[in-house]
Every structure is written in C-alpha cells, then in structure tokens.
Amino acid sequence: LFTVVGMGITTVVERVERIAAVRADPAADAALISSGLVAIREVRAWLDAQQAGLVTSLRQVESFAEKTTAEAAKTSLGAASKTTERSATLTETPKLAEALGDGAITAGHVDAVTRTAKLLDADQRQRLFEKVESLVDVAAQATVEQFTRRLRTEANRITSDDGMDRLERQRRATALSTW
C-alpha cells in the first residue's frame with residue numbers, strides 16, 4: 001500500500017486559483033498562460049495520484065476493483081484496468097508515486113513504466129522498478145516519450161545482463177575437470 005505524499009490541499013487550491021485567474025485575465029500573455037497550463041498539469045497529476053491511491057485501497061476490499069472504478073469514473077473497464085495497473089506500479093515505486101503526487105511527473109510517465117514492466121519477467125520487472133526509483137529526476141525533466149525511450153534502454157540493459165549471466169552459468173555448468 002502506498003501513500004501519496006505530494007502537494008497538500010492548500011497547494012492544490014493555490015494551483016486551481018492560478019488557473020482561474022489566468023482564465024479570467026483577458027490580457028494574459030504567453031508566459032502567464034503557460035503558468036496556468038503548468039498548474040493544470042500539476043493538479044491533474046495530483047488527482048491521478050489520489051485516484052491510484054484510492055484504487056489501491058479498493059483492491060484491498062474488492063476482488064474486481066475495475067468494475068467499481070469504471071462505474072465511479074463513468075468510464076470503460078479498459079480505462080479502469082489502466083488505472084488499476086497504474087496503482088500497482090506506484091505501489092512498487094514509492095518515489096515515483098511521490099513525484100506524481102507533487103505534480104513533477106504525469107500519469108503518462110507512470111504508464112510508460114507499467115508498459116515497459118509488462119515486457120519483463122518477474123525478476124527483471126523488480127530490477128526495473130528499482131532502477132526507476134533512481135530515475136525519478138530524469139522523469140521529472142523528460143517528456144513521456146523521452147522517458148519511454150530511457151525505460152526501453154534500461155529494460156534492454158536488464159535483459160542483456162540476464163543473457164550474460166545465463167551464458168556464464170551455462171559455461172560453469174559445462175566445465176570439465178580432469179585429473
């Protein structure tokens with residue numbers, strides 16, 4: 001179970017007020033409008049983190065959390081399944097969960113980790129999650145596409161390392177001793 005230590009309610013309210021102020025300002029310049037867009041991204045990320053936390057709690061009390069999630073969000077089971085997968089990824093990566101709650105990354109970054117992890121076996125997936133914890137600052141500076149490329153590189157390193165380990169084990173297992 002993960003807890004979201006992100007923006008506090010006061011900070012979220014400040015972001016919402018900034019959005020409203022920018023929308024109400026007919027003379028807003030590009031920089032001001034951009035700050036409003038950033039505030040939207042941060043609030044949306046905070047909401048995604050809260051939703052993932054609630055889905056994690058729901059998974060503890062319901063066997064088919066996707067149904068309740070879909071009904072509550074008025075969305076499809078597929079979209080609810082994606083939210084459930086996101087909550088599972090955040091449970092495995094607390095620093096990523098915190099970054100989402102802070103608005104430093106987006107749900108798209110978390111979904112990229114989820115997609116990459118699906119390509120790996122259980123041991124490799126765990127190694128990826130450990131690596132992702134050290135890449136939170138990279139994710140915060142990167143677009144989802146850039147972070148996805150980095151994750152692919154890390155996944156390739158993990159699978160390549162496994163190939164070398166396997167080859168070394170095979171060599172040791174076939175070594176002959178002569179007396």
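Analyst: Glu 154 and Arg 157 form a salt bridge, with 2.9 Å between the closest N and O atoms; the term denotes a side-chain nitrogen of Lys or Arg within 4 Å of a carboxyl oxygen of Asp or Glu. This is a predicted model, in which local features need pLDDT of at least 70 and side-chain atom pairs count only at pLDDT 80 or more, while totals for chains, interfaces and linings use all residues. Residues are numbered from 1 along each chain as its sequence is written, and side-chain values use heavy atoms, with hydrogens and water left out.

Glu 154 and Arg 157 are three residues apart in helix H9, so about one helical turn separates them; helices are DSSP runs of H or I with at least four residues, numbered from the N terminus. Glu 154 also meets Arg 150 in a salt bridge at 3.0 Å, N to O.

Glu 154 counts as buried because its relative accessibility is 4%, the class being under 20% relative accessible area, with exposed over 50% and partly exposed in between (1.4 Å probe, protein chains only). Arg 150, at 30%, is partly exposed, and Arg 157 is partly exposed at 46%.

Elsewhere, Arg 15 pairs with Glu 42 in a salt bridge whose closest N and O atoms are 2.4 Å apart. Arg 15 belongs to helix H1 (residues 9–24) and Glu 42 to helix H2 (residues 30–61), so this pair ties together parts 27 residues apart in sequence. Arg 15 and Glu 42 are both buried. A network of salt bridges links Arg 15, Arg 41 and Glu 42. The structure holds eight salt bridges.

Technical notes. Helix = DSSP H or I, 4+ residues; strand = E, 2+ residues; numbered from the N terminus.
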